[in-house]
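Could you open the structure in your viewer and come along for a short tour? At each stop you will hear what to select and what to look for.

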Amino acid sequence: MDQIDRRLLELLQRDATTPVAELAQQVNLSQTPCWKRVQRLKENGVIRSQVALCDARKLGVGTTVFVSVRTNQHNEAWAQQFTDMVSTIPEVVEVYRMSGETDYLLRVVVSDIDDYDRIYKRLIRDVPLHDVSSSFAMEQIKYSTALPVRSLEE
């Protein structure tokens, strides 16, 4: 991946609907080579998908809750059961297995505290958990889906 590929990725992360002609102009290529580079980035899995980013408030899920989960069952069966369960809850938009005190960290989007309580009750009902701690985001300071695009030498 060279500097042109990195620039294309930066541009596409800003707006994936940018026409190839405009992309080509911004990276100083003609359209066909530019299109081929984008296709190669897709084929190689660098570009995983192209999506529409929606406004959470306008969809009625403007409250973000970070949920720390601890378990006392560190086995494959429990982990699979937990993964299967959180995968079925659309309000759980991110899940990470963590190091340290917290075993899993979830980002949950809901309309309000009552809506979160519904999710919380489902979490504790469907999988045995040792501890669940929830923190409500008061303000979103920074949010981006764009990843930094650096050369491997940096």
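The tour below visits a helix pair, a hairpin and a pocket in this predicted model.

Stop 1: Start by selecting α1 (3-14) and helix α3 (residues 31-43). Look at how their axes run: they come within 11 Å of each other and cross at roughly 80°. An angle of 65 to 115 degrees counts as roughly perpendicular, so α1 is roughly perpendicular to α3. Now show the side chains where the two helices meet. From α1 come I4, D5, L8, L9 and L12, and they meet C34, R37, V38, R40 and L41 of α3. Colour this contact by class and you will find seven nonpolar and three charged residues, with no polar ones.

Stop 2: Next, select β2 (92-97) and β3 (104-110). These strands pair in the antiparallel sense, over five bridges. To see one of them, pick V95 and look across to L106 in β3, its bridge partner. Then move to the six residues between the strands, and stop at G100, which takes a positive phi near 90°.

**Stop 3: the largest pocket.** Finally, centre the view on V51, L53, Y143, S144 and T145, the closest to the pocket's centre among the 39 residues that line it. The space here is about 1600 Å³. By class, the lining has 22 nonpolar, nine polar and eight charged residues.

Key: Residues numbered from 1 in each chain as written. Predicted model: local features only at pLDDT ≥ 70, side-chain atom pairs only at ≥ 80, totals over all residues. Heavy atoms only, no water. 1 Å grid on protein atoms, 1.4 Å probe; cavity = no way out; pocket = protein on both sides within 12 Å on 5 of 7 lines; lining within 4 Å. Points joined across faces, edges and corners; volume = space filled by probe spheres on them. Helix = DSSP H or I, 4+ residues; strand = E, 2+ residues; numbered from the N terminus. Nonpolar A, V, L, I, M, F, W, Y, C, P; charged D, E, K, R; others polar. Axes fitted to C-alpha atoms, helices over the stretch in contact; angles between N-to-C directions. Parallel < 35°, antiparallel > 145°, perpendicular 65-115°, else oblique. Contact = heavy atoms within 4.5 Å. Pairing = 2+ DSSP bridges.
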